[in-house]
Amino acid sequence: MIDNFSWVAVYPEIVLLIMACVIAMVDLWVTTPRRNLTYGLSMLTLASVAIIQALYASSGTTLYSFGNMVVSDAMGNWLKCFATLAVMVTFVYGRPYVADRQMLKGGEWYTLTLFALLGMFVMISGNNFLVIYLGLELLTLASYALVALRRDNGNATEAAMKYFVLGALASGFLLYGLSMLYGATGSLDLSTVFTAVATGHVKHQVLVLGVVFVVCGIAFKLGAAPFHMWVPDVYQGAPTAITLLIGGAPKLAAFAMMMRLLVDGLLPLAIDWQQMLMVLAVVTLLIGNLSAIAQTNLKRMLAFSTIAQMGFVLIGMLSGVVNGNTLSAANAYSSAMFYMISYVLTTLGVFGVILLLAKEGFESEEIADFAGLNSRSPLFAGVMAVCLFSLAGVPPLVGFFAKLSVIQALVATGQPAAVGLAIFAVAMSLVGAFYYLRVIKVMYFDPPLSVATVSAGADVRFVLALNGGLVLLLGLLPGGLMALCANAVVQALGS
Amino acid sequence: MGMLSLAIWTPIVLGVLILALGRDDKASLVRWAALFSAVLSFLVCLPLYTQFDNSSASMQFVENMPWVLRFNMAYHLGVDGISLWLVLLTSFITVVVVISAWEVITERVNQYMGAFLVLSGVMIGVFCALDGMLFYVFFEATLIPMYLIIGIWGGPNKIYAAFKFFLYTLMGSLLMLVALIYLYIQSGGSFDLVVWQALPLSARAQTLLFFAFFAAFAVKVPMWPVHTWLPDVHVEAPTGGSAVLAAIMLKLGAYGFLRFSLPITPDASHEWAWLLIALSVVAVVYVGLVAVVQQDMKKLVAYSSVAHMGFVTMGFFMFSPLGISGGIVQMIAHGFVSAAMFLCIGVLYDRVHSREIASYGGVVNTMPKFTAFALLFAMANCGLPGTAGFVGEWMVILAAVKFNFWIGLAASSALIFGAAYTLWMVKRVYFGPVVNDEVKHLTDINAREFFMLSLLAVAVMVMGLYPKPFTDVMNASVDQLIQQASVSKLPL
């Protein structure tokens, strides 16, 4: 029985789906390597979707549709809007790279990415275990194919294989956990599950067993240790344009999935999953930061750095409920959301520079390849340095305020363990500063290995400068984005 | 736009413009643009002094607007008698540093000049910030330009030095960050220093906060035993970097003690004052002795900086008006003198490319004008009456003798060690027979170097002969600070 039925809630998804199919067809007639038509149509689609999402989000209404299967709320709409923008930036940075490479220059990069984005949208909008799971599968299937696109390359094929096997395992975990919860509560609907759990009549052991598997599945998707094994291999093995895609927008969807499943659905069990997240956060911070030091491949180093950064997101997520009191929940979850958005913005800049330095037959992946970048291109080196300082959490860049807000949320819980974890996280960010600084050292202090100047189109240079500028600007004036996240999360919690 | 905003953002905006627009093929244009920017930034700071009200202890030129609403952070600026001269010192030293780099820096001139201008604005921001998080952001932001300055234009071992500088100071300040968050939560959601100064805190909390602040500021000052980064960094940094580091960056730490430790954790400050004074005495006596045996001129001046900063912290933690004023005067005097000492070493290094004392001897024979300057600054460094170095040391020693005779005795021994290491270096470098061909063919300073050194010489002389303008502005603020620090904040 479907009691509410509104197409409005899913307009962006519909536009995206139709256009992805249209672009897949149109691309058959496109022959030029730069694929201007495909690119133009994709950008146009994304721009209009982004605008629709921004309008939805700023109207601030919450809309349930298809019998509460999907929800269109401010948090979801903003996340979808930012994911769309991230994909647009990915297209701008990635187009020259893709056009130069034999296996990638088909239109698949565009269409598969659009389908991946559709998967993210469904994940973010899902208000039902199965819908979220379907979105996740659409995203990951498209991602497996994207990673495997360079099929003549051993590394890429290995990465795709690993990604697929481990990703399937993670999906299995998640699905198993969800089925436990379904068995215990008798519903797939998030709010029904929430109510059922909150009554306390459901057998606690079954629920907790389910939550363990759900948390494992989420940790896999986030790349939190000890479920992080796939991240370095995939980041390193995938063609850089695809690493950029995987490292960017899907993180926002993963955050939304975490919010929907753990908070919208299972908040009454927070005391259980917060402990799990705390263990995950400690292990993640430790493994991510320590392993990153040893890397010589920049993409692999950034993969471990991503793992470490996810530890901070987990810190935000585990500070919401104190002794059953949800007063500080909005503060904590909005800090995690702010962290994730600023992380994606920064990552786009870092991978964008790596991507633009790559030439045909030369991938520019080793840290040593960046030697003397400052004298070859001050703009690229500057953007890279700003982004790396931001990832290291040095003020006045956005990464600092991201770390500040999650640590503030953690300390605000007032638990002795939380203060201990805060000091541990701060110490780990000192370790993190070391490996980010090392890349900056290579770019600024070492003599260049080649004197070839770095060239890029005007559009790319503009977007890159904008990207670096935003990392700085949001560091100087972080209030707007923080308020946006806070409002969105307050609404999501209130409904 | 308020005057303090102008003082902070003029050098930053102009520095970023120079960074963005300059190229090495237009190096001389960049140099003039940088000089213009530095002078302009200095001029916009001058009204702060002329319009300053000496009789008022409260913050002046206050600007207060919301910055990050969600955390209740404010863009809250103001100067009082404690910070006023530090702001002026910062913009003055930046002018000198730009001049010092004129012909010396030939590669990436725009980045060098831009980095110093941005750094100047950021450091002024530290001295003006009245919001805890604004202070922290400025305080940490100084690391980025300094890291690049050391790493790009530094000496052979620059990478080690740049990392040591960055990580060492970051380690200290991260603990302070946790302290700031704790205060934010304790005060019910405020980062305002004024609120924090009135906030009652238990003895245990005060002790923890005191040591968290101590970690950040003691590393920056640097106090013994966390001073080991300073000699390494000074040796490798380019001349301008060393000058700014010694003249201003070290003061950020000492200033932090006055703004945070004393007024926010007064009980813990009193309780642990013996520790701070003991560490300061060690810095003054032991590090002074270490300086005597140095072979490298920059290392010698670096250790001498640690010893001089020991005077500053010693003065602060005796809680007497004389001690605190003396510490602040010593900060400003050391700013002029240490910058001058490093620039003198730079002048020699540009010609001979060696910092070893043993590479020199008899420089006075070939560079008489330069030696006159160097001797003046050396005398100021050992605290000769009539120079800037004397005033602050004298005030601190007076306060120390009042506080405890033996500490006063230990402190005054520093005058002897100071004279020993400085004059012995002067004797070996400047006097005696000409030791080698390189010294024989030295050319005396040119007009640019003469101008640069005379700017500092005038400052050193004026401050030594007529310190009244320096001490007058701070009396009211220092009295108020002592008042604040003497009231217990323990909850009843």
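User: How do you know whether the radius of gyration of chain A agrees with that of a compact globule?

Analyst: For 495 residues, a compact globule would have a radius of gyration near 23 Å, and chain A has 21 Å, so the value agrees. The radius is taken over C-alpha atoms, and the globule rule is 2.2 Å times the number of residues to the power 0.38. This is a predicted model, in which local features need pLDDT of at least 70 and side-chain atom pairs count only at pLDDT 80 or more, while totals for chains, interfaces and linings use all residues. Residues are numbered from 1 along each chain as its sequence is written, and chains are lettered from A and ligands numbered from 1 in the order in which they are written.

User: What else describes chain A as a whole, and how many helices and strands does chain A have?

Analyst: Chain A has 20 helices and 2 strands; these are DSSP runs numbered from the N terminus, helices being H or I with at least four residues and strands E with at least two. The C-alpha trace of chain A spans about 70 × 55 × 40 Å along its principal axes. Of the 495 residues in chain A, 61% are buried (20 or more other C-beta atoms within 10 Å of the residue's own; exposed means 12 or fewer, partly exposed in between; C-beta atoms are placed from the backbone). Among contacts in chain A between residues at least 6 apart in sequence, 79% join residues at least 24 apart, where a contact needs C-beta atoms, placed from the backbone, within 7 Å.

User: Why is chain B called as compact as a globular protein of that length?

Analyst: Chain B contains 23 helices and 2 strands. The globule rule gives 23 Å for 492 residues, and the radius of gyration of chain B is close to that at 21 Å, so the description holds. The box filled by the C-alpha atoms of chain B, taken along the principal axes, is roughly 75 × 55 × 40 Å. Buried residues account for 61% of the 492 residues in chain B. Of the contacts in chain B between residues at least 6 apart in sequence, 81% join residues at least 24 apart.

User: What makes up the contact between the two chains?

Analyst: Chain B gives 28 residues and chain A gives 23 residues. On the chain B side, strand S1 (60-68), helix H5 (132-141), helix H6 (143-153) and helix H7 (158-186) each supply at least two residues. H7(B) gives the most to this side, with 15 residues. The residues of the side of chain B that touches chain A divide into 24 nonpolar, 1 polar and 3 charged. Here Ala, Val, Leu, Ile, Met, Phe, Trp, Tyr, Cys and Pro count as nonpolar, Asp, Glu, Lys and Arg as charged, and the others, Gly among them, as polar.

User: Are H5(A) and H11(A) roughly parallel or roughly antiparallel, and why?

Analyst: The axes of helix H5 (residues 129-147) and helix H11 (residues 249-265) of chain A come within 11 Å and cross at roughly 165 degrees. That makes H5(A) roughly antiparallel to H11(A), since angles over 145 degrees count as roughly antiparallel, under 35 as roughly parallel, 65 to 115 as roughly perpendicular and the rest as oblique. The contact involves A:Ile132, A:Leu136 and A:Leu139 of H5(A), and A:Pro250, A:Ala253, A:Met257, A:Arg260 and A:Leu261 of H11(A). These residues divide into 7 nonpolar, no polar and 1 charged.

User: Why is B:Phe61 called buried?

Analyst: B:Phe61 has 20 other C-beta atoms within 10 Å, so it is buried. B:Phe61 is found in strand S1 of chain B and has a positive phi of about 55 degrees although it is not a glycine. Most residues other than glycine have a negative phi, and most peptide bonds are trans.

User: How do you know whether B:Arg108 is buried or exposed?

Analyst: B:Arg108 has 23 C-beta neighbours inside 10 Å and therefore counts as buried. B:Arg108 is found in the loop between helix H3 (84-100) and helix H4 (109-128) of chain B, and its phi is positive, about 50 degrees, although it is not a glycine.

User: What makes B:Phe317 buried, and where does B:Phe317 lie?

Analyst: B:Phe317 counts as buried because it has 25 C-beta neighbours inside 10 Å. B:Phe317 lies in the loop between helix H14 (297-316) and helix H15 (321-352) of chain B. Leaving aside neighbours within four places in sequence, B:Phe317 is in contact with B:Ala273, B:Leu276 and B:Ile277.

User: Which residues does a cis peptide bond join in chain A?

Analyst: The cis bond joins A:Pro395 and A:Pro396, with omega about 5 degrees. A:Pro396 lies in the loop between helix H16 (378-392) and helix H17 (398-412) of chain A.

Methods:
Axes fitted to C-alpha atoms, helices over the stretch in contact; angles between N-to-C directions.
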